[in-house]
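The following exercises concern one protein model. Each task is followed by a stepwise solution.

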Amino acid sequence: MLFLPIVILCILVTGGVSTYIATAQIEENTYQSMNDTIYQTKNYLDHTLSDLFSQLVSISYDSRLVSLLMKEQEQIVPEDYIPIDKNLQIIYGRYSTILESATIDLNVGEFLIYQSEFTKKPVIDYDDFFVNYKPNSENFKWKNVHEDAAFHTGNSVMSMYKLLELNELEKKGIVLFNIREEFFGKVLSRSLIGDHGSLALTS
């Protein structure tokens, strides 16, 4: 008579343990999958932003750009800026999913080239950018989410930029890459985060 209850108890215990183990395994697999996705997302963002930054460094230190900065507006001829303009076109075309605009402005608008989906000519507020200028520094800067004041689109962007200055000639310039805020939203939305979860991007 005791045999049957013992068998039933063993079945219940075994089933409970099996269910617990299976649930724990599913949770572990889910967390591992989430961690893998987040790690891949982080690596993708790191690679994309590092690659874009290398383009900013490359064009900022182009000797032809420095030469342009040194010249007066009336001295500039197409041969001076066409190669730089083509380079800017290539950068914008290659990174158009992340770049909202790429702009080179020298001497407060005396010389301007840009690539963007907008037809309006950008206006760079030098006071806004050069407030962070540090002498004898590389002066590569990052600006977190802000309204696009250059093109006055009302869009939210992030910016990486290089401040140029030749003190002895009183010359200034900026190479400005505006990054789409929506790019980060699209990338982060691929992560396996539920309705009640959250994922933060810090800088």
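**Exercise 1.** What share of the contacts in the protein with a separation of 6 or more is accounted for by residues 24 or more positions apart?

*Solution.* The model is predicted: local features need pLDDT of at least 70, side-chain atom pairs count only at pLDDT 80 or more, and totals for chains, interfaces and linings use all residues. Residues are numbered from 1 along each chain as its sequence is written, and side-chain values use heavy atoms, with hydrogens and water left out. A contact means heavy atoms within 4.5 Å. Residues 24 or more positions apart make up 60% of the contacts with a separation of 6 or more.

**Exercise 2.** State the order of the elements of the protein from the N terminus on.

*Solution.* Helices (H or I, at least four residues) and strands (E, at least two) are DSSP runs, numbered from the N terminus. The protein has five helices and five strands. Their order is α-α-α-β-β-α-β-β-β-α.

**Exercise 3.** Determine which residues of helix 3 are buried and how they are placed about its axis.

*Solution.* Buried means under 20% relative accessible area and exposed over 50%, with partly exposed in between (1.4 Å probe, protein chains only).

1. Helix 3 covers residues 78–94.
2. Its buried residues are D80, I84, D85, L88, I91 and Y92.

Terms used. Expected span 1.5 Å × (residues − 1). Arc of directions from axis to C-beta.
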